[in-house]
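Dear colleague,

I am passing on the structure below, together with some notes on what I found when going through it. Please read them with the structure open beside you.

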Amino acid sequence: MKRIFVWDIAVRSFHWLLVIAFAANALVIDDDSKLHNQVGYVVLTLVLLRIVWGFVGRGYARFASFPPSVDGVKEQLTDIATQRRHAHIGHSPLGALMIYNLIVSLLVLCLSGYLMTTDMFWGTEWTEELHELAAIWTEASVVMHILAVIFESKRTGVNLPRSMVSGYKDMPEG
């Protein structure tokens, strides 16, 4: 195994703070409470900071290091289907798509939540429906993300959750 530093403290902090804030709002905090709105602003701030870090950060934090790629997705799906154990140092192609999906989903969730608090959109049905749909989609995406991380950790032999804690990936040789 080769130990490689992949996730800087900014990416890891963003990830775990977002996990806490999103889980709190989705599972614990009453969605009609002022605290729900405040935690929503925390989520929005975290996502906006991650977007900025995706352009100014270093290494694998940069969006340029994991561009969306149809060919990359096909290759990863082929690896899965043929049981090839190809581990990616940064985000895998499917992982990259999930990251972009989660960023957009969280932005829609936060924007629709904010709109529901404005005079112009207070009580409008479409903002509430959009917010609910975005919440369901984001929650489903989080579940898929967790399952995919577990699956890919077992498939590739790289402990992905540990790397998001320590910052290092223990990569198989070759």
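**Notes on the helices**

In this model, which is predicted, Phe-55 belongs to helix 2, the run of residues 34-56. Phe-55 has a relative accessible area of 54% and therefore counts as exposed, the cut-off for that word being over 50%. Together with Val-52, Trp-53 and Val-56, Phe-55 makes up a nonpolar patch on the surface, and the four residues share about 390 Å² of accessible area.

Ser-112, a residue of helix 4 (residues 93-115), is buried, its relative accessible area being 1%. The side chain of Ser-112 reaches the backbone oxygen of Leu-109 at a distance of 3.0 Å. Leaving aside residues up to four places away in sequence, Ser-112 touches Thr-127, Leu-130 and His-131.

Two of these, Thr-127 and His-131, are listed among the buried residues of helix 5, which also include Ala-134, Ala-135, Thr-138 and Ser-141, as well as Val-149 and Glu-152. Helix 5 covers residues 125-156, 32 residues in total, and from its first C-alpha to its last it reaches 45 Å, close to the 46 Å expected at 1.5 Å a residue. The cover over the buried residues of helix 5 includes helix 1 (9-28), helix 2, helix 3 (70-81), helix 4 and helix 6 (160-166). After helix 5 comes Gly-157, which has a positive phi, near 80 degrees.

Note on methods: Residues numbered from 1 in each chain as written. Predicted model: local features only at pLDDT ≥ 70, side-chain atom pairs only at ≥ 80, totals over all residues. Heavy atoms only, no water. Patch = residues over 30% accessible without salt bridge, like charges linked within 9 Å, V, L, I, M, F, W, Y side chains within 5 Å. Areas by Shrake-Rupley, 256 points an atom, 1.4 Å probe, with all protein chains shown as cover. Salt bridge = Lys/Arg side-chain N within 4 Å of Asp/Glu carboxyl O. Helix = DSSP H or I, 4+ residues; strand = E, 2+ residues; numbered from the N terminus. Buried < 20%, exposed > 50% of the residue type's maximum accessible area, 1.4 Å probe, protein only. Polar contact = N/O pair within 3.5 Å; in protein donor to acceptor, adjacent residues only side chain to side chain. Contact = heavy atoms within 4.5 Å. Expected span 1.5 Å × (residues − 1).
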